[in-house]
Amino acid sequence: MSRIAIIEPLGDLGIGTYAYELAEALVDEGVEVDVYTAPNAGTLLLPRRHGFFPVLGSALVRQRQAVTTAPRAAPSAAAALARATGAPPAQRTSGALPLPRFLKGALRESYVAIELACWLRVRGYDIVWTQWPNLTPRAVSLWTASRAVGLRIVHTAHNVYPHERTAGDRARYGLVYARSDRILVHSEMARDALAREFPQAARKVVVQHHGLYTTYPRDPAARDCMRRQLGVGPDTTLALFFGGVRPYKNVDAAIGAIAADSSRTTALLVAGWEMGYPDSDARDPLGRTRRLAEQAGVLDRVHLRPGPFGYAETSALFEASDVVLLPYLESYGSGLLLLAMSFGKHVVITRTGGMEEYMERYPAHVLLDASSGGAVSAAVQETRERLRTEPPGPRLPELEWRHIVRELLPHILR
């Protein structure tokens, strides 16, 4: 059986939790797997059966400040790994041995990628599985180094392109796709988009659905508690807009939906932080959203809760909500959709990112024909009526991680 090293550089609760669920499902199927991640990864305290190395350093993993909440850097990856040798996975921690002084800038970045690839090869892995949503120049050298030492590379393309495009993205992503042995996407829509943009990589693409979450504790009692904190009454329909508030996610339509609700029976909870806007400000994580609500005259029905959040608080926010809004303008998939489905929530979605592909057996949804405030408002009102008689959305067996991994392994293993 192959040994797999999952490389997850951000350590946040988005891609990090995805990597955690994937690793645990691989263990269920008898695969030996370790996760290499950032030193203060959000999944650090979760129980696990896979190996866990919070050691990746800044020269390898630093991302654009405007589009990530990646934690600050650790020292050299290999130095940290060397310090970790011989300890049980739960006790392996980062080290601080310095790199030689002459290795600066790009040379340092390449060196760290090479030393990590060599470490993985020496430790007996034969597959590197990358979970890297925003590929920067310093990231790409890992693919080159991994191929050079004979590692098989599986890459999960959470995004075919980054959400906020920059110069050089096409060449950079094309290089990664060319050097990967398998490329996983989360929908047929994403498969078609990748094949259209990078036809030479089309034969490598496999559709692997995003799985439901097991890491967020269900606590129905948290519903009333959170709604009391927010000042939301039992007769109010609470719509949730969660996570990174970015241009493509279209919070403007969510605000517009509240403004269009003349019955005043709906409130909006925006729980997250803004990124990707020209005026994004870490000191005021939801400043633009607040200004939009003020301009629309609905600030009294828009509740702002700056993030990020831990597992328990995330659960409380979803328990408190009645419907989750995903009026995206474009995307290649949505982990938030699967998080909402994990809680059985009604969802309002657009036809982008293949989200509608997940709805065939999940009736608790409204599919938007337009992503305007009026369209979202009408969808929320329809959901409000359906909530009176319809049960929560079902937990679909085909979206359980173990089922997904069992079908995927023949495509991944040699």
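Predicted model: local features only at pLDDT ≥ 70, side-chain atom pairs only at ≥ 80, totals over all residues.
Residues are numbered from 1 along each chain as its sequence is written. Local features need pLDDT of at least 70 and side-chain atom pairs pLDDT 80 or more, while totals for chains, interfaces and linings use all residues; side-chain values rest on heavy atoms, without hydrogens or water.

**Exercise 1. State the confidence of the chain, then find stretches where pLDDT stays under 50.**

Step 1. Recall that pLDDT is the predictor's confidence in each residue, from 0 to 100.
Step 2. The chain has a mean pLDDT of 87, and 86% of its residues reach 70 or more.
Step 3. Residues 63–78 stay under 50, with 49 contacts beyond four places in sequence. Contact means heavy atoms within 4.5 Å.
Step 4. Residues 80–104 also stay under 50, with 38 such contacts.

**Exercise 2. Describe the largest nonpolar core.**

Step 1. Buried means under 20% relative accessible area, exposed over 50%, partly exposed in between (1.4 Å probe, protein chains only).
Step 2. The largest core has 41 residues. Phe242, Leu326, Leu337, Met341 and Val347 have the most contacts inside it.
Step 3. Elements that each supply at least two residues include helix 8 (222–230), strand 8 (237–245) and helix 11 (311–320). Helices (H or I, at least four residues) and strands (E, at least two) are DSSP runs, numbered from the N terminus.
Step 4. Helix 12 gives the most, with six residues.
Step 5. A second, separate core of 35 residues includes Phe53, Val128, Trp143 and Tyr177.

**Exercise 3. Work out how the buried residues of helix 7 are arranged.**

Step 1. List the buried residues of helix 7 (residues 188–197): Ala190, Ala193 and Leu194.
Step 2. Look down the axis of helix 7. The buried residues fall within an arc of 95°, so they line one face. The arc is taken over directions from the helix axis to the C-beta atoms.
Step 3. Identify the partners. These residues pack against helix 6 (169–179), strand 6 (182–185) and strand 7 (205–207).

**Exercise 4. Is serine 315 buried or exposed, and what does it touch?**

Step 1. Serine 315 is found in helix 11.
Step 2. Its relative accessibility is 2%, so serine 315 counts as buried.
Step 3. Leaving aside neighbours within four places in sequence, serine 315 is in contact with Tyr216, Pro217 and Phe343.

Key: Core = buried A, V, L, I, M, F, W, Y, C linked by side-chain atoms within 4.5 Å.
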